[in-house]
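Hi everyone, thanks for making time.

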Amino acid sequence: MDDWDTATRLVHGGTTRSPFGETSEAMFLTQGFVYDSAEEAAARFAGEAEGYIYSRYANPTVSMFEERIAALEGAEGAIGTASGMAAVTLALMASVQAGDHVVAARALFGGCRYVVEKLLPRFGVESTLVDGTDMAAWEAAIRPNTKVFFTESPTNPTLSLVDLAALSALRNRTAPDAVVIVDNVFATPLYQRPLALGADLVVYSATKHIDGQGRCLGGVVLGNAQWLKDNAEPLLRQTGPSLSPFNAWVMLKSLETLPLRVRAQSETAAQVADALASHPLVERVMYPGRDDHPQADLARAQMSGFGTLVALSVAGGRPAAFRVANALRLVGISNNLGDAKSLITHPATTTHRNVPPEERDAMGIDEGLLRLSVGLEAPRDLIADLTQALDFASRPAASVAPVGDPAA
Ligand SMILES: Cc1ncc(COP(=O)(O)O)c(C=O)c1O
């Protein structure tokens, strides 16, 4: 398997056949397992015999998912979790104890900010948020008790980048005991390999591109197998953020088509970004693959593709952004991303609503900002829909009736 290409690993990696020899991997929808004898049960509990015990600890379908995604990521070990937030929380809780300190990039998904800023301090873990694009800010935040560096890249929703190799090098130089954790959701496992860039743990919301069709929640933490066994597995077993076998099966099968889907969606995203940039209502387009992205060189250095998300800022602030979103016919209004269906979000009033306005400004989340998750529709149809919505929002508001009104 070591010399298999990515596509092959995603179809065959981790497959364990039952005695029936099924071609499609089996879904082991079971809570527990029976033992051949009481001695066998005792041996498994004592860790002296291999075998499953209880699906909160491990489950054969979940193990297949974990092995397959570990093979993709080039990770030694993986732990599937019930959601992306369960993965982030597990990774952070496994890395710290009271008295420790976490440095995180300010531009985090709202749930991640809650864990870093509100939850960890309740248990005596302090945190500092920095501008993740500024390596000097990361360095200035380091304390003797810093145990975690945590970031996304590209960030949600403005698609700015954090230099992952530089962050790992900074950790090596200044806080060698600390753990670098990267939330790699926006880049996807296809286009960015944080472990190869020096990070210790990678986390995903598998809910996004890994499922890719908007069905199941899931997450995964990837990294060194022994570290996960010693630090994360006891938390998983005793606190129970475990991935359901049903959801694991959906994710396992979805991994088989991940490269096809993400490649097509990313190619469309690049075309959509270019089309949006030429519309007069659009003040700014943010896409890591465009030459006008402020960190285009870094994008090319640490990513092998530029992802399925595009951010745009329209002139006219919130009213204009709402008019664009409301006028879309094909693209759905949703806070979710990574779906086969294209979705648009107004972060300032939804996903980042709880971030104070001055913080939002610092993160570049203005009232005209929209985040577009590009799906599997034909590029032509998406561009046509976005263009008609932008055209509609460009007209004077008073003179135009809402979409759907027969007078329009
Ligand atoms: C970057 C990022 N991290 C983590 C999460 C949380 O994932 P989940 O919704 O699966 O808990 C999300 C969800 O939107 C996200 O966008």
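Let's start at the ligand. There are 15 residues around it, and the ones that come nearest are Ser 83, Gly 84, Met 85, Ser 205 and Thr 207. Near, here, is when a residue's C-beta atom, placed from the backbone, lies within 6 Å of the molecule. Two elements give two or more residues to that shell: α4, residues 84-95, and α5, residues 110-122. The largest share is three residues, and α4 provides it. A word on the names: helices (H or I, at least four residues) and strands (E, at least two) are DSSP runs, numbered from the N terminus.

What kinds of residue make up the shell around the ligand, by class? Six are nonpolar, seven polar and two charged. For the classes, Ala, Val, Leu, Ile, Met, Phe, Trp, Tyr, Cys and Pro count as nonpolar, Asp, Glu, Lys and Arg as charged, and the others, Gly among them, as polar.

Before I go on, two bits of housekeeping. This is a predicted model, with local features needing pLDDT of at least 70 and side-chain atom pairs counting only at pLDDT 80 or more, while totals for chains, interfaces and linings use all residues. Residues are numbered from 1 along each chain as its sequence is written.

Okay, sheets. Seven strands form an open one, in the order β1-β7-β6-β5-β4-β2-β3, and the pairing is mixed. Two strands pair if DSSP finds at least two bridges between them. At the edges stand β1 (77-81) and β3 (126-130); each has a single partner strand, so one side of each has no neighbour in the sheet. On average, neighbouring strands here are turned by 20° against each other, direction ignored. For angles, axes are lines fitted to C-alpha atoms, for helices over the stretch in contact, and the angles run from 0 to 180 degrees between N-to-C directions.

Zoom in on β6, residues 201-205, and β7, residues 219-223: they pair in the antiparallel sense over four bridges. Contact means that the C-beta atoms of two residues, placed from the backbone, lie within 7 Å.

Now back to α4 and its helix neighbours. With α5, the packing angle is about 35° and the axes are 10 Å apart. On the α4 side the contact uses Met 85, Val 88, Thr 89 and Leu 92, and on the α5 side Gly 111, Cys 112, Val 115 and Leu 120. Six of these residues are nonpolar, two polar and none charged.

How do the axes of α4 and α9 (residues 225-239) cross? At roughly 120°, coming within 9 Å. The two helices are therefore oblique to each other; angles under 35 degrees count as roughly parallel, over 145 as roughly antiparallel, 65 to 115 as roughly perpendicular and the rest as oblique. The crossing of α4 and α9 is right-handed too.

Next, the loop between β4 (146-152) and α7 (164-174), where Pro 154 lies. The peptide bond from Ser 153 to Pro 154 is cis, with omega near -5°. Pro 157 is in that loop as well, and a cis bond joins Asn 156 to Pro 157, with omega about 5°. The loop also holds Leu 159, whose phi is near 60°, a positive value in a residue other than glycine.

Last stop: a five-stranded open sheet, ordered β8-β9-β12-β11-β10, with mixed pairing. Its edge strands, β8 (282-286) and β10 (332-333), each pair on one side only. β9 (309-314) and β12 (369-373) run antiparallel and are joined by five bridges; Leu 309 stands opposite Ser 373 in β12. Helix α11, residues 258-277, lies across β8 and β9, running at about 10° to β9.

And α11 has a helix partner: its axis and that of α15 (residues 379-394) come within 10 Å and cross at roughly 30°. That makes α11 roughly parallel to α15. Their contact has seven nonpolar, three polar and no charged residues.

Definitions and conventions: A crossing is left-handed if the near helix is turned anticlockwise from the far one by less than a right angle, and right-handed if clockwise.
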